[in-house]
Amino acid sequence: KRFAQKKSECFFAASVTEGTGKGEVPASTANYLIGNLPPDSIITNAYIMVLTASDAATSLTAKIGTAEAGTEVLSAATLKTLGKRGTFTGFSTTSSGVELYLTLTYVGAATAVGDYVVVVEYLEYDKNTGEYTKFS
């Protein structure tokens, strides 16, 4: 391995829209497989950007894990408020690759109006840009 090779940070982003159409998620509590991260990566950050807030009567919370209902990546995201939401739960490695699950928990009725972008940032530490860092 060459220590002076530059790395680039990667981003996984998934648009999630509440609704009943194809590719939309119903406004009900469930787990969704939203993607896969490559092997030999370090997850460095995660958040959910709320573009259109949920109208769930009481609350809508989200978390991201590497298993259904998990919180290995993100916890405590309330989706009833606009903006960047959630608490990144810490750096973790993907070893042979991991699945990403989004868990949505609704309390009270909702009419499927929410629109969110799930973002997970990661670094593939065995992949490089082909450039080298200059040392003096």
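This is a predicted model: local features need pLDDT of at least 70, side-chain atom pairs count only at pLDDT 80 or more; totals for chains, interfaces and linings use all residues.
Colleague: How confident is the predictor, and which element has the highest mean pLDDT?
Modeller: Across the protein the average pLDDT is 90, and 90% of the residues score at least 70. Among the elements, the lowest mean, 88, belongs to strand 8 (residues 92-93). The highest mean, 97, is found in strand 6 (residues 83-85).

Colleague: In what order do the 5 strands of the open sheet stand?
Modeller: The pairing in this open sheet is antiparallel. Strand 2 (30-37) and strand 7 (87-88) stand at the edges with a single partner strand each, so one side of each has no neighbour in the sheet.

Colleague: Which residue of strand 7 is the bridge partner of L74?
Modeller: Strand 5 covers residues 74-78 and runs antiparallel to strand 7. These strands are joined by 2 bridges. In strand 7, the partner of L74 is F88.

Colleague: Which kind of aromatic pair do F88 and F91 form?
Modeller: The protein has 1 aromatic pair by the rule used here. The F88 and F91 rings lie 5.7 Å apart, centre to centre, with 85° between their planes. Planes over 60 degrees apart count as edge-to-face, so the pair formed by F88 and F91 is edge-to-face.

Colleague: Is F91 buried or exposed?
Modeller: Let's take its ring partner along for context. F88 has 23% relative accessibility and counts as partly exposed. For F91 the relative accessible area is 63%, and the cut-off for exposed is over 50%, so F91 is exposed.

Colleague: Over the ring of which residue does the charged end of K84 sit?
Modeller: The charged end of K84 is 4.6 Å from the centre of that ring. The ring belongs to Y47.

Colleague: What share of the contacts with a separation of 6 or more comes from residues 24 or more positions apart?
Modeller: Some background on the whole protein first. The C-alpha atoms fill a box of roughly 60 × 25 × 25 Å along the principal axes, and 34% of the 136 residues count as buried. Among contacts with a separation of 6 or more, the share from residues 24 or more positions apart is 80%.

Definitions and conventions:
Residues are numbered from 1 along each chain as its sequence is written. Side-chain values use heavy atoms; hydrogens and water are left out. Two strands pair if DSSP finds at least two bridges between them. Helices (H or I, at least four residues) and strands (E, at least two) are DSSP runs, numbered from the N terminus. pLDDT is the predictor's confidence in each residue, from 0 to 100. Rings of Phe, Tyr and Trp (its six-membered ring) pair if their centres lie within 6.5 Å; planes under 30 degrees apart count as stacked, over 60 as edge-to-face and the rest as tilted. Buried means under 20% relative accessible area, exposed over 50%, partly exposed in between (1.4 Å probe, protein chains only). A charge sits over a ring if NZ of Lys or CZ of Arg is within 6 Å of the ring centre and within 35 degrees of the ring normal. Contact means heavy atoms within 4.5 Å.
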